[in-house]
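Please look at the structure shown below. The paragraphs that follow lead through it step by step.

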Amino acid sequence: MNETLYLVIPCYNEQEVLPETSRRLAAKLGGMMDKGVVSENSRVLFVDDGSRDTTWAIIADLHKKQPHLFSGLKLAHNRGHQNALVAGLTMAKDYCDMAISLDADLQDDVDAIDKFVSEYYGGCDIVYGVRSSRAKDTVFKRSTALGYYKFLKLMGVEIVENHADYRLMSRRALEALMQYDEVNLFLRGIVPLIGFRTSIVTYERSERFAGESKYPLKKMLAFAIDGITSFSVKPIRFITALGMLIFAGSVIALLTLLLLKLFGYTVTGWTTLMGSIWAIGGIQLLCLGVIGEYIGKIYIEVKHRPRFLVDRFLNQK
């Protein structure tokens, strides 16, 4: 049962970590080939997402020296991690029986690859890599991550907790994924929608080997908002309910003021009046912002621009 495995690794300015990443992945994939676990046609596919350093030069050199082991895909422009990952999976789909996506920073445990493949041979089309612990995270990151997963589930999004993009997908799962052609990508929400037989492999996430994280707080927040607005309309419904509640409160307040006026009571409270105006104004702006997020997504989707454009593809059949 030695089927072809492709390891798909999106890269953006990863010159500091790529030499060590390639060494470890070559050792892992080579060992699996020697044992007959995977085919000799298996490859490590690095996807250069428009890097501005020497990332592509390193990838091209790896392919030149070991074309039987390393492949390279260069995108014409930086398109973001999710698009780069889909680009790699799209190209790998035509050459592999299964593909495993993982990050270039060596935080994902490469030794878990054996368990992924074992689950695949056991009949699973999708295998999720799930962190066994978040003990190494800061208190802030751990609490916000757990809160985010719970909030997504509250919004009706089907998602695997403590799972990033370390996963195995069979060829038929990849073919199913390609049918989801939306431009706004959130793979952690899309993949569970595919169905098929799935399983989970737990692993311990390590510290980044070298370089800087490509997901600072600003990008993490943008990614979190994408995850919510791409898969749930509950925020819009919440705004509708909030609007109805405020309207009902306004009617009650108006009737109360009229009754007080009829009975001769003077209405005081300039601070309360101004506070309520500012509060309602803030709520209105917040609601407009949420609605704007959805309208913006619609605007991007209807243009249906390509998710990525390939500059070069280095692969030995």
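How many aromatic pairs does a search of the whole structure find? The search finds six aromatic pairs; rings of Phe, Tyr and Trp (its six-membered ring) pair if their centres lie within 6.5 Å, and planes under 30 degrees apart count as stacked, over 60 as edge-to-face and the rest as tilted. The rings of Phe 116 and Tyr 166 form a tilted pair, because their centres are 4.8 Å apart and their planes stand at 45°. Phe 116 belongs to helix 4 (residues 113–121) and Tyr 166 to strand 6 (residues 163–170), so this pair ties together parts that are 50 residues apart in sequence. Helices (H or I, at least four residues) and strands (E, at least two) are DSSP runs, numbered from the N terminus.

This is a predicted model, in which local features need pLDDT of at least 70 and side-chain atom pairs count only at pLDDT 80 or more, whereas totals for chains, interfaces and linings use all residues. Residues are numbered from 1 along each chain as its sequence is written, and side-chain values use heavy atoms, with hydrogens and water left out.

Both Phe 116 and Tyr 166 are buried, a term that means under 20% relative accessible area (1.4 Å probe, protein chains only). The rings of Tyr 166 and Tyr 203 have centres 5.1 Å apart and planes at 85°, so they are edge-to-face. This pair links strand 6, which holds Tyr 166, to strand 7, which holds Tyr 203, 37 residues apart. Tyr 203 has 3% relative accessibility and therefore counts as buried. Elsewhere, ring pairs join Tyr 6, Tyr 95 and Phe 313 into a cluster.

Strand 7 (residues 198–203) also contains Ser 199. With 12% relative accessibility, Ser 199 counts as buried. Its side chain makes a polar contact (a pair of N or O atoms within 3.5 Å; within protein, one must be able to donate a hydrogen and the other to accept it, and residues adjacent in sequence count only if both atoms are side-chain atoms) with the side chain of Glu 119, at 3.0 Å.

Eight strands form an open sheet in the order 7-5-6-4-1-2-3-8, with mixed pairing; two strands pair if DSSP finds at least two bridges between them. Strand 7 and strand 8 (310–314) are the edge strands, each pairing on one side only. Strand 3 (residues 70–75) and strand 8 run antiparallel and are joined by four bridges. Leu 75 stands opposite Val 310 in strand 8.

Terms used:
Buried means under 20% relative accessible area, exposed over 50%, partly exposed in between (1.4 Å probe, protein chains only).
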